[in-house]
Amino acid sequence: MSMFSTGILVLTAPLHTLPLRIAPVLSSASQLVERTLYVHLHPGLNLGSGTQPRPVFIPPVVELSTLITRLYSNAANVCGHLDVRVLLTNVGTHLAPSSENTIPNCPFPTPLHLSHSPEVVLTDFPLQDPGQSHQVSQCLQKYTGYCYVCSPKLHSVLLHPQLPILEGKEEAIMEFEEKVHLEPLETYSDVVVGGTFDRLHGAHKTLLNISSLLANRRFLIGLCDQAMLKKKALKDLIEPYSLRVQRLREFLQDTKPSLLVEIVPLDDPFGVSVVDPLLQCIVVSEETRKGGEAVNKKRIENGLSALVLHEIQLLKDAHHTETEEEKISSSSLRSRLLGTLLAPPKDTSHLPPLPYVIGLTGGSGSGKSSIARQLEDLGAIRIDCDKLGHEVYQPGTTAYHRVVEEFGSDILNEDKTINRRALGTKVFGNQVNRFVWWMQQFSWRQAGQTWSTRSGSPSSQRRRLS
């Protein structure tokens with residue numbers, strides 16, 4: 001069967017049994033969809049009754065929150081290439097019709113536009129009679145058309161015949177279904193979260209979906225900006241603030257368009273969470289719970305009520321390496337980008353084929369040495385500018401005498417070499433010395449000294465000296 005760019009998966013099994021079935025369902029769906037997979041929940045939907053079903057509201061329950069966590073965790077393991085998004089438009093208490101043309105208890109007065117139009121609709125609905133296949137497929141297409149604007153040539157696929165049998169579990173599931181009582185989930189008017197949200201992944205989506213599930217009116221997101229990124233691993237690879245905002249808005253517009261979404265820059269660990277009187281709940285993980293408690297302490301100091309701390313689970317990364325975190329994290333994703341092409345190459349046909357000069361830049365621990373070794377293995381000649389820069393002021397050189405003359409002999413090691421840490425402290429800890437340093441470089445540049453041609457930027461000089 002052909003692959004589709006975007007699909008929508010309609011899940012019909014009861015909420016408390018779906019966690020056992022979701023992995024094989026996602027695995028089957030990933031064989032048909034290659035980019036975006038929307039997930040629409042309608043537990044108990046009967047597509048084979050002979051009458052056309054319509055979408056209804058499903059109540060927010062704890063089991064739904066559990067399913068969302070399991071779904072994104074399984075998606076990361078079995079179909080990591082897919083952009084999976086759980087849709088929550090039909091989750092909530094039913095509303096009274098606002099006009100004569102509005103269908104009671106219908107979450108979709110008109111079909112919703114998604115960021116990517118589904119080309120295929122899939123379902124886990126169990127087909128009892130193979131002769132009903134065509135009827136059920138048509139019913140599924142009409143049902144999906146009530147909810148979302150889809151491709152004019154929408155295809156439908158019944159996944160159930162492709163799903164593996166849950167050996168030894170079917171009877172246990174049936175017994176459990178007879179006894180289960182769904183637990184209502186407490187919701188709030190205004191909910192807040194904070195984070196970097198770099199390269200949206202399953203853990204981010206879990207946080208966003210559950211926060212949207214908890215929020216009835218407003219969802220406030222504090223998005224880490226420059227000041228909060230300084231200590232992040234491989235911060236140079238973090239997506240621009242504007243791009244992260246754009247991706248958050250697209251995801252939330254798809255998953256729960258009724259929410260009022262506010263995204264504000266986060267320049268300190270607290271942001272607006274400690275001054276907004278309308279907030280009622282903050283969503284945290286087990287590793288950020290202390291941060292949530294610190295927010296509440298600040299709120300109380302500011303005369304505001306404490307927020308409810310709703311804790312979600314961290315998602316394990318089944319594909320992590322020994323040097324990466326066990327949880328799904330943006331840091332691991334950024335580390336996997338090292339050595340990959342981040343932008344299409346520019347046309348250099350007008351340049352001579354040789355010599356070809358490649359500049360490697362980046363902060364400490366960003367992988368410069370590893371990439372340099374790979375390039376050397378391919379035949380490149382390595383020029384270490386840090387090493388050359390250090391050689392420029394070795395004992396006996398012109399630059400050495402000028403540096404010692406200007407900054408004193410207390411910057412020397414016992415073997416009379418310059419202690420770069422001591423020199424860096426003197427230069428960059430004093431405005432006057434910093435100015436003198438720049439003037440010295442200018443004079444060396446004027447004199448054609450090798451040092452000035454290799455000095456680089458202030459940040460690179462600081463790294464060389466420290």
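Predicted model: local features only at pLDDT ≥ 70, side-chain atom pairs only at ≥ 80, totals over all residues.
**Entry: the whole chain**

I went on to the overall make-up. I found 16 helices and ten strands in the protein. There are 466 residues, and 43% of them count as buried.

**Entry: α2 against α5**

Next I picked a pair of helices to look at. Helix α2 covers residues 62-78, and helix α5 covers residues 202-214. I read off an angle of about 165° between them, with the axes 9 Å apart. An angle over 145 degrees counts as roughly antiparallel, so that is how I describe α2 and α5. I also checked the handedness, and α2 passes α5 in a right-handed crossing. On the α2 side, I listed Leu64, Ser65, Ile68, Thr69 and Tyr72 in the contact. On the α5 side, I wrote down Gly202, Lys205, Thr206, Asn209, Ile210 and Leu213. Sorted by class, this contact has five nonpolar, five polar and one charged residues.

**Entry: α5 against α7**

I stayed with α5 and turned to helix α7, which spans residues 241-255. The axes of α5 and α7 come within 11 Å and cross at roughly 45°. I therefore call this pair oblique. The crossing of α5 past α7 is right-handed. From α5, I see Lys205, Leu208, Asn209 and Ser212 taking part. They meet Leu248, Phe251, Leu252 and Thr255 of α7. By class, I have four nonpolar, three polar and one charged residues in this contact.

I noticed Lys205 and Asn209 in my notes on both pairs: they are among the α5 residues that touch α2, and they are also among those that meet α7.

**Entry: Tyr143**

Last, I zoomed in on one residue. Tyr143 sits in helix α3, which runs over residues 133-147. Is Tyr143 buried or exposed? Its relative accessible area is 1%, and buried means under 20%, so I put Tyr143 down as buried.

Which residues does Tyr143 touch, leaving aside those up to four places away in sequence? My list reads Val10, His40, His42, Leu45, Gln52, Pro53, Arg54 and Pro55. I followed up on Pro53, which is 90 residues from Tyr143 along the chain. The C-alpha atoms of Tyr143 and Pro53 are separated by 6.7 Å.

Methods:
Residues numbered from 1 in each chain as written. Heavy atoms only, no water. Helix = DSSP H or I, 4+ residues; strand = E, 2+ residues; numbered from the N terminus. Buried < 20%, exposed > 50% of the residue type's maximum accessible area, 1.4 Å probe, protein only. Axes fitted to C-alpha atoms, helices over the stretch in contact; angles between N-to-C directions. Parallel < 35°, antiparallel > 145°, perpendicular 65-115°, else oblique. Left-handed = near helix turned anticlockwise from the far one by under 90°. Contact = heavy atoms within 4.5 Å. Nonpolar A, V, L, I, M, F, W, Y, C, P; charged D, E, K, R; others polar.
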